[in-house]
Amino acid sequence: MPASTPSIRKRNRAQLEEEDELSATPKNQKACSSASSSSSSPPPSDGLMGKLRHRLSNMSNIWKDKENRTSFCEDDELADQKKENNIYDVPDDSPDERRQSNSASRGRDSREALTPATGKTPTSNRRKSKSNGISGHAGDGNNDGDVKDKGTRSSQRRKSNKVGNAESSEIAKPPPHRQPMSTGFTKATKMKRAKAESRELARQNMQGGRSESEMKDGITTETITSSRRRSSRKNEESLPPSDSEQAAPSTVGIRSNRSVENRIFESEQAPKGILTPRKGRVGRPRKSVAFESNQEEVDLGFKDPPRSTSVKKSRAKEEDIYAVPEDSPSPSRMSTSKHPMTKQAAVEQVHADVDESEEESEEDTACSICSKLNSRKGNQILLCDKCNSGFHQKCCAVLVIPEGEWFCKECRPDNLNSDTTLSSLGVKISAIEGFEDHLRTTQRIVLDKLTGQKRINLRGHDEQLQKVQQIIEQTVLAGEGNSMMVIGGRGCGKTTLVESVISDISNEHRQSFHVVRLNGFIHTDDKIASREIWRQLGREMELEDDSKPSNHADTLASLLALLSHPSELAETSTEQTAKSVIFIIDEFDLFTTHPRQTLLYNLFDIAQARKAPISVLGLTTRIDVVEALEKRVKSRFSHRTVYLSFPRSPLMFWEICKESLTLSDDGADKEGFSLSMPGGSDFLAYWNTMIDNLYADDKSFKSQVSSHYSRTKSVPAFLNSCIMPIASLSSKNFPLTGKSFAASASLLAPPDSKLHMLQGLAEVELALLIAAARLDIIHDTDTCNFAMVYDEYSSLTSRHKVQTSSSGVTALGPSAKIWGRDVALGAWERLADCSLLVHANIGGGGGQNVGTGGRMWKVDVGLDEIAGSVYGLSGVHAKWCREI
Amino acid sequence: MTTSLFSLPNEVILSALAAQFPCRGQQIISLYTLVTTRGALSRNIVLHGLTATGKSAITKAILEKISTPALQDDIANPHPIEPTDQLRYAMIKSAECITGRHLLEQTIGAVAKAIGWEGNVGRCENVATLVVVVGKMMECWTESGDESVSRRLVLVFDAIDRQRDVPTTMLPALARMAETIPNLSSVYIVTAPRPNFLHRPGVPHIQFPSYTKAELLQIVSSLEPTPRLLTGSEDTKNVWTRFCPAVYDSLSKHSGRDILSFRHVCMSLWPRFIQPILDGTHYPTPFSRLLVANRSLFQNDGVLTPSIISPKTFNVKPQTQFKLPALASQLPFHTRLLLLASYLASFNPARTDITHFMKSALAKRRKKGGGTALTKSNAGTSKNRKISRKLLGPQAFVLERMLAIFMCLRDDAGGRKGNLKARRAALEDVNGSADVHTAIATLASLRLLVRMGVSNSADALDGGSRYKVAVGWEVVRVIGRSVGIEMEDYLAD
């Protein structure tokens with residue numbers, strides 16, 4: 001199978017639903033198995049596969065119709081949310097399967113046809129190869145498509161254990177299936193009730209629950225299906241999607257099956273102590289790993305690590321389960337415990353198919369280092385998520401089972417990423433024509449976006465955009481007066497929003513309006529602001545220079561005249577006022593501090609009264625800005641506000657960030673990237689996939705995104721951290737890796753605190769700082785002056801001198817020396833210079849006259865902070881920090 | 001403005017800069033990338049770091065290199081790549097501007113000079129005007145050349161955080177200026193950036209960390225010391241490279257760790273350090289012996305304190321000692337007494353005046369520490385360590401109180417040593433108070449007394465006006481002895 005397919009499949013998962021499941025699912029399976037921690041089934045290229053496919057084609061057609069129907073209505077509801085659509089596929093699938101198996105349970109003829117498809121092929125067929133059986137699973141549709149080999153294998157082994165002979169497994173199989181099936185109808189309502197309380201439990205047993213849900217598949221009624229679908233959708237609104245998805249199917253399964261199963265298995269197997277409770281989830285022939293596969297492909301943002309954690313952990317646990325029985329029984333039992341067909345298939349394909357061998361190896365994975373099989377608690381065998389070979393915890397020095405993915409030494413992410421990025425893209429750099437030029441062009445465009453030279457497209461504020469657009473359009477086209485407040489934190493896109501609206505409108509109607517831009521930081525009072533308005537308007541309206549008014553009153557009066565309705569002032573030339581004016585007032589809150597808010601009053605008044613068509617857009621970070629308006633101003637304000645929020649989810653955050661890291665196909669030409677150049681579109685696809693993969697696969701990059709999200713949610717800050725990695729990119733070090741992002745993460749970042757300066761301080765400065773910080777605690781006052789600090793410093797030093805000399809240390813270094821008052825004062829001044837000391841304005845205005853030495857100061861760092869932030873702090877100073 | 005392709009930093013320029021400024025490679029690359037038009041050109045850049053970490057020097061050197069690329073290219077290769085980019089820069093030093101408006105005027109002047117503006121610059125009262133004028137200049141400049149040349153102006157605001165007398169909106173406004181005017185970038189050089197001081201997220205910050213010990217030694221060791229050894233430059237180099245660590249460990253590590261101070265200390269100690277070699281008493285080879293011979297050099301911290309006196313003279317101890325009595329000897333007798341009285345009024349709490357200066361309790365006032373009862377009553381209340389009053393600094397006092405203490409001191413002055421002449425002189429002008437006021441005014445004009453409160457609120461010599469003493473304990477003690485008063489006796493502690 002070409003290596004490029006998984007990544008492409010991954011993206012098109014939603015579309016693939018409608019394709020032929022038989023052909024599609026094994027690929028998907030592979031895709032997710034390479035991405036997730038599971039091993040996968042054999043490829044469809046297997047010869048036996050074709051046979052089975054042929055047999056199953058009728059059956060699959062039957063329920064494909066059903067699935068189409070269901071997914072159609074699902075799609076209707078969720079059409080606009082592309083991402084979540086992927087998530088919703090999950091409940092979408094499982095009901096189908098359930099319905100299908102329901103129909104089977106109703107005694108239709110297809111029951112017999114279905115059972116083989118779900119892994120219970122007649123013995124003759126089944127025995128031929130394991131791959132057949134697995135592709136049978138795959139043929140069951142994409143819900144069953146991803147065969148979690150551990151589940152399958154364990155189930156198979158369980159089966160054979162249970163039956164204890166070479167009898168065909170499907171004869172033995174029905175009991176666990178049919179038995180719950182008979183109770184399934186009666187328990188249906190009870191299960192519904194129990195769902196809520198078992199959800200918590202189910203989440204813990206997520207993995208087990210999933211495999212249980214698959215048994216459930218055969219037995220659940222239509223009513224449960226629908227109700228569950230409802231509830232799971234409800235959950236998705238409130239809970240993180242992945243959790244609820246996995247929880248919902250699992251809940252029922254646990255309740256319904258556990259008791260029955262346990263009874264059955266306990267009777268047939270030796271008691272296994274602490275491991276017994278887990279048995280409930282073992283022994284499913286069919287496994288709706290479609291949940292897993294779907295979710296693996298859906299880009300869930302930061303929810304990925306925890307989920308894969310659960311997978312990881314449960315895998316480790318599962319190893320545990322296998323390993324313990326495998327320790328005690330003889331090797332012969334081990335071989336019998338395996339499904340015969342599995343064995344056979346493995347023999348056939350062990351060289352041909354990597355996945356098959358993976359599956360085989362996981363069954364009884366030996367540590368690659370010590371080649372032992374035992375996996376005990378505390379020294380479990382970990383499976384590398386890339387090469388799937390096992391490692392003892394102790395052999396590779398992993399004390400705690402890592403959360404998320406784990407890679408062995410050979411497959412550490414840095415090696416891995418370059419491999420996967422390149423190989424999964426399926427395009428070699430050299431294959432792209434004019435690679436160097438394309439890279440340069442792309443870097444230029446991306447860097448321009450990162451540094452803010454180019455405006456990036458706004459994401460996720462469609463509603464707000466619409467509102468603002470509507471207001472502006474009304475002003476420009478209909479001549480209405482409007483006022484509106486755009487409120488949002490710094491860096492959430494207020495200016496971008498407004499400017500994109502303006503530029504949109506000016507594409508068509510540039511001639512019919514003027515724009516006046518004011519900024520509260522620059523235009524610090526009304527006089528300056530009104531002069532600026534006059535200047536900008538005059539420039540746009542091409543007024544003569546000699547009409548420039550001389551003072552503030554004149555400016556305001558002529559402005560008002562300019563903006564008043566022609567009917568009010570007959571003598572004003574009318575064609576000037578016919579145009580509407582849009583005032584964009586940045587840092588609006590600063591304008592409210594101007595005395596009497598004259599400018600705002602006038603602007604709002606004009607906007608509200610039917611005078612010239614102006615619209616006033618106030619951009620501010622203060623959410624209570626309306627309260628700061630005077631009463632008369634407030635009453636003229638339309639009270640239209642638009643709130644821009646920071647991205648609400650990590651995924652959203654990444655979407656916005658991705659917008660400026662990638663080039664869209666349609667926007668590329670506009671941005672200066674020529675698709676028509678040879679290799680242009682290839683490169684574009686390559687670049688965008690690379691960025692996608694960075695986020696999807698590269699752990700360090702993702703953790704950086706998530707750290708930005710959790711600290712500030714500020715997109716500009718993240719983009720700032722991306723400048724250096726992109727700028728240092730060349731064809732030599734080409735594919736971008738998360739490592740380069742991590743290395744330069746702090747390169748352009750603003751400092752977190754003042755503490756980083758402590759490292760550069762000299763000893764005396766540090767000693768004085770420590771002494772001052774001690775005084776804070778000792779005297780319980782936050783101010784000190786130089787005399788107090790110097791006194792404390794000298795007493796500390798002399799105490800240290802006495803102690804060291806008494807303990808027999810004769811060689812007193814210069815650290816024991818009490819430096820003179822002048823030197824110390826110089827050090828004190830330097831501390832004040834780098835603002836580690838802050839003025840305490842007590843003692844009247846005399847501060848100017850007494851100089852640094854006589855002033856009262858506050859120390860801006862705490863005593864406990866000092867010790868931690870200086871590398872190589874001398875022992876004496878560390879002691880001073882510790883002991884009061 | 002035409003978009004030029006991205007290109008990686010010019011290695012030739014970078015390596016030249018790195019050679020010029022050792023141990024600053026990362027900062028050079030970052031800044032170079034951020035200011036070149038072909039790199040990741042940013043509109044606002046903040047450079048921060050402690051003093052003497054190379055912020056301004058490196059910025060200037062980089063911009064200098066970029067703004068004259070033609071010469072570089074001509075030398076490097078006969079065919080310059082593309083002469084498209086034209087970058088000019090203007091550096092505005094806040095230390096040279098006394099007010100905010102001064103800064104704005106300087107900025108406009110610098111911009112006009114940088115882009116060769118010939119018209120009238122005009123006045124600039126506020127940032128709004130600055131934005132308008134600079135925008136106009138930039139527009140003209142951009143239009144003046146042909147279209148293919150992309151022009152860029154970089155404004156460097158050096159030490160902008162030290163700028164005095166600026167409104168708080170100044171810095172954000174300057175940042176907005178770079179946002180609104182195309183082809184303009186601003187670099188802000190600050191010591192310690194306050195969080196989000198530009199009110200703009202995502203501004204690139206480049207940190208210039210302090211040099212580590214190894215870096216300091218590497219840089220300073222590479223310098224050439226001025227007086228060389230007679231035996232040749234090889235010996236000079238050897239001694240110098242061993243001399244620098246010794247200086248660092250004994251002096252610079254403790255105070256003045258930055259490279260300028262370190263270099264200054266090394267340079268000023270060097271001539272005296274090699275004096276024994278030049279004299280022929282020692283040889284360069286056993287360095288430890290040389291160290292021992294110059295031990296006193298490394299123990300004297302006088303070299304660390306900034307002084308306008310050249311290091312050779314201030315080593316003479318007696319002269320510095322003599323400085324303090326100099327003040328006492330220059331002031332007249334009563335003025336000295338007034339200074340002492342001011343000191344006491346500043347450092348003694350008013351409530352202890354009765355115990356110290358009441359005539360009836362003559363015996364009691366001699367007792368140091370004033371009333372014992374008072375200290376006892378306080379002892380129970382303050383569990384934590386008491387701050388010595390002396391350490392709290394001078395407090396403001398009312399003039400009348402000081403005059404009362406003065407009267408009291410005048411009686412005691414010189415009396416204890418039986419200096420009758422001085423005593424008689426003190427007793428003579430009891431009546432004349434005009435002299436006293438003159439003396440006070442003199443002390444205030446000498447800044448030995450500091451007037452508190454609003455300066456022109458009332459008559460400076462009004463009884464109610466408040467003063468503070470501005471001399472320290474050492475000075476006062478010497479002055480007190482010169483008039484025969486032991487100041488310890490009068491201080492409440």
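A:Arg535 and A:Glu532 both lie in helix H25 (residues 526–541) of chain A, and because they are three residues apart, about one helical turn separates them. Here helices (H or I, at least four residues) and strands (E, at least two) are DSSP runs, numbered from the N terminus. An α-helix has 3.6 residues a turn, so residues three or four places apart point the same way. The side chains of A:Arg535 and A:Glu532 meet in a salt bridge, with 2.9 Å from N to O. A salt bridge is a side-chain nitrogen of Lys or Arg within 4 Å of a carboxyl oxygen of Asp or Glu.

A:Glu532 has a relative accessibility of 8% and counts as buried, whereas A:Arg535 is partly exposed at 30%. Buried means under 20% relative accessible area, exposed means over 50%, and partly exposed is in between (1.4 Å probe, protein chains only).

## What kind of model this is

This is a predicted model, in which local features need pLDDT of at least 70 and side-chain atom pairs count only at pLDDT 80 or more, while totals for chains, interfaces and linings use all residues. Residues are numbered from 1 along each chain as its sequence is written, chains are lettered from A and ligands numbered from 1 in the order in which they are written, and side-chain values use heavy atoms, with hydrogens and water left out.

## Chain A as a whole

Chain A contains 42 helices and ten strands. It has 884 residues, of which 57% count as buried.

Contact means heavy atoms within 4.5 Å. Among contacts in chain A between residues at least 6 apart in sequence, 74% join residues at least 24 apart.

## A five-strand sheet

Chain A has an open sheet of five strands in the order E4-E5-E6-E3-E7, with parallel pairing. At its edges are strand E4 (513–519) and strand E7 (641–644) of chain A, each of which pairs on one side only. From one strand to the next, the twist averages 15°. Two strands pair if DSSP finds at least two bridges between them. Strands of a sheet pair through backbone hydrogen bonds, either parallel or antiparallel.

Strand E5 (residues 580–586) and strand E6 (residues 614–620) of chain A are a parallel pair with six bridges. Opposite A:Ile585 stands A:Gly618 in E6(A). Helix H29 (residues 598–608) of chain A lies across strand E3 (482–488), E4, E5 and E6 of chain A, and runs at about 135° to E6(A). Axes are lines fitted to C-alpha atoms, for helices over the stretch in contact, and angles run from 0 to 180 degrees between N-to-C directions.

## Other salt bridges in chain A

Over all chains, a search of the whole structure finds 25 salt bridges. One of them joins the side chains of A:Glu655 and A:Arg459, at 2.8 Å from N to O. This pair links distant parts of the chain, 196 residues apart: A:Glu655 is in helix H31 (residues 650–661) of chain A, and A:Arg459 is in the loop between helix H22 (435–450) and helix H23 (462–478) of chain A. A:Glu655 is buried, with 12% relative accessibility, while A:Arg459 is partly exposed, with 30%.

In another salt bridge, the closest N and O atoms of A:Asp624 and A:Arg622 are 3.2 Å apart. A:Asp624 is partly exposed at 35% relative accessibility, and A:Arg622 is partly exposed at 34%. Elsewhere, A:Arg459, A:Glu655 and A:Glu659 form one network through salt bridges that share partners.

## Where chain B meets chain A

The interface brings 71 residues of chain B into contact with 67 residues of chain A. About 5,500 Å² is buried between the two chains, and carbon and sulfur atoms give 61% of this area. Buried area is the accessible area (1.4 Å probe) that two parts lose on being put together, summed over both. The rule finds one salt bridge across this interface. B:Arg176 forms a salt bridge with A:Glu587, with 3.3 Å between the closest N and O atoms.

B:Arg176 is among the buried residues of H7(B). Helix H7 (residues 170–180) of chain B is largely enclosed by the rest of the structure, because nine of its eleven residues are buried. The cover over these buried residues includes E4 of chain A, and also strand E1 (44–49), helix H5 (100–114), helix H6 (127–144), strand E3 (150–158) and strand E4 (184–190) of chain B.

B:Ser94 lies in the loop between strand E2 (85–93) and H5 of chain B, and is buried at 3% relative accessibility. Apart from neighbours within four places in sequence, B:Ser94 is in contact with B:Leu103, B:Asp158, B:Ala159, B:Ile160 and B:Gln163. From C-alpha to C-alpha, B:Ser94 and B:Asp161 are 8.2 Å apart in space, and they are 67 residues apart in sequence.
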